[in-house]
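Colleague: I'm new to reading structures, so please walk me through this one. Bring it up on screen and I'll start asking.

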Amino acid sequence: MVKVNTSLTFYGGVDEIGGNKILLQDKGTKIFLDFGMSFALKKQYYSLPFLSPRREKNLQELGILPKLEGFYRFDDRAAEVDAVFLSHAHMDHSAYISFINREIPVYCGETTKIILQALGEMRATALEFDVEDVLFRSFRTGDSITVDDLEIEPVHVDHSVPGAYGFIVHTSSGAVVYTGDFRAHGTKPEMTSDFVGKAKEAEPVAVVTEATNMTGASIILKLKLRIS
Ligand SMILES: [Zn+2]
């Protein structure tokens with residue numbers, strides 16, 4: 001039997017819109033693809049804008065932040081996750097990097113970094129917008145980022161916020177494609193076509209995507225894939 005060393009674990013973004021937190025593990029290497037806020041979970045306990053979380057640990061106790069060892073800044077243990085990759089600056093994909101251990105690098109497009117830093121300055125007292133000292137590392141299409149044995153290729157897509165990307169992650173099991181959010185009906189559909197072309201070329205073994213409002217009837221389609 002062939003032993004497969006790659007897995008995808010979904011800590012959010014399944015059976016809900018947004019809240020994407022996808023852990024890709026390959027042998028000993030762990031990266032998160034997005035680490036966003038779950039609107040559905042948060043709404044159960046907080047009523048925005050009047051009632052907001054005051055302590056980071058409360059979010060974990062309530063299950064709004066997943067229980068992960070060596071990942072948060074309120075946890076004294078050494079970082080166990082090697083990197084976080086953000087597809088774009090929408091809160092449901094990026095906001096919870098506020099809570100991560102500052103030793104973990106956060107890769108994203110330059111535009112995403114600027115948007116998140118601007119939000120952090122505008123809402124300086126809000127726990128969920130604190131990106132101070134986050135170890136940002138920005139990329140652009142054409143770059144290839146190496147994290148241990150993983151190679152990650154970001155490719156631009158068109159979306160309703162500028163600076164959005166999808167990822168092609170080259171693992172020991174083959175390519176895993178994560179689309180992030182994208183559209184083909186916007187102002188720059190050729191960017192999405194570029195991503196689709198690159199993703200196809202990579203002959204992926206798994207594609208992770210999220211789709212809301214595929215038609216006017218608000219069909220919600222989620223693909224949940226696990227390599228095993
Ligand atoms: Zn989005």
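Colleague: Where is the place of Lys 27?

Modeller: This is a predicted model, where local features need pLDDT of at least 70, side-chain atom pairs count only at pLDDT 80 or more, and totals for chains, interfaces and linings use all residues. Residues are numbered from 1 along each chain as its sequence is written. Helices (H or I, at least four residues) and strands (E, at least two) are DSSP runs, numbered from the N terminus. With those names in hand, you'll find Lys 27 in the loop between β2 (21-26) and β3.

Colleague: Is Lys 27 buried or exposed?

Modeller: Count the other C-beta atoms, placed from the backbone, within 10 Å of a residue's own: 20 or more is buried, 12 or fewer is exposed, and in between is partly exposed. Lys 27 also has a positive phi near 50 degrees, though it isn't a glycine. With 12 other C-beta atoms within 10 Å, Lys 27 is exposed.

Colleague: Asp 148 has a positive phi too, so about how many degrees is it?

Modeller: Asp 148 lies in the loop between β7 and β8. It counts as partly exposed, with 13 C-beta neighbours inside 10 Å. Asp 148 is not a glycine, and its phi is about 50 degrees.

Colleague: How far apart are the C-alpha atoms of Thr 29 and Asp 149?

Modeller: Thr 29 belongs to strand β3 (residues 29-35) and is partly exposed, with 18 other C-beta atoms within 10 Å. Its contacts (C-beta atoms, placed from the backbone, within 7 Å) include Asp 82, Val 147, Asp 148 and Asp 149, leaving out residues up to four places away in sequence. Thr 29 and Asp 149 are 120 residues apart along the chain, but their C-alpha atoms are separated by 7.5 Å.

Colleague: Let's zoom out. How many helices and strands does the protein have?

Modeller: The C-alpha trace spans about 45 × 45 × 30 Å along its principal axes. Of the 228 residues, 37% are buried. The secondary structure comes to five helices and 13 strands.

Colleague: What radius of gyration does the protein have?

Modeller: The radius is taken over C-alpha atoms, and the globule rule is 2.2 Å times the number of residues to the power 0.38. For 228 residues that rule puts a compact globule near 17 Å, and the protein agrees, because it has 17 Å.

Colleague: Which residue in β5 stands opposite Phe 85?

Modeller: β4 (residues 83-85) and β5 run parallel, joined by two bridges. In this pairing Val 84 stands opposite Val 106. Phe 85, for its part, stands opposite Tyr 107.

Colleague: Over how many bridges do β5 and β6 pair?

Modeller: Four of the five residues of β5 are buried, so the rest of the structure largely encloses this strand. Gly 109 stands opposite Phe 139 in β6. β5 and β6 pair in the parallel sense, and the count of bridges is five.

Colleague: Within what arc do the buried residues of α4 fall?

Modeller: Helix α4 covers residues 110-122, and its buried residues are Thr 112, Lys 113 and Leu 116. Seen down the helix axis, they line one face, because the directions from the axis to their C-beta atoms fall within an arc of 100 degrees.

Colleague: What do the buried residues of α4 pack against?

Modeller: On the other side of the helix, Glu 110, Glu 121 and Met 122 are exposed. The buried residues of α4 pack against α3 (91-94), β5 (105-109) and β6 (135-139).

Colleague: One more sheet to go. In β11, which residue is the bridge partner of Val 176?

Modeller: Five strands make an open sheet with mixed pairing, in the order β7-β8-β9-β10-β11. β7 (145-147) and β11 (206-208) are at the edges with a single partner strand each, so one side of each is left without a neighbour in the sheet. β10 (residues 174-178) pairs with β11 in the parallel sense over three bridges. There, the bridge partner of Val 176 is Ala 206.

Methods
Expected span 1.5 Å × (residues − 1). Contact = placed C-beta atoms within 7 Å. Pairing = 2+ DSSP bridges.
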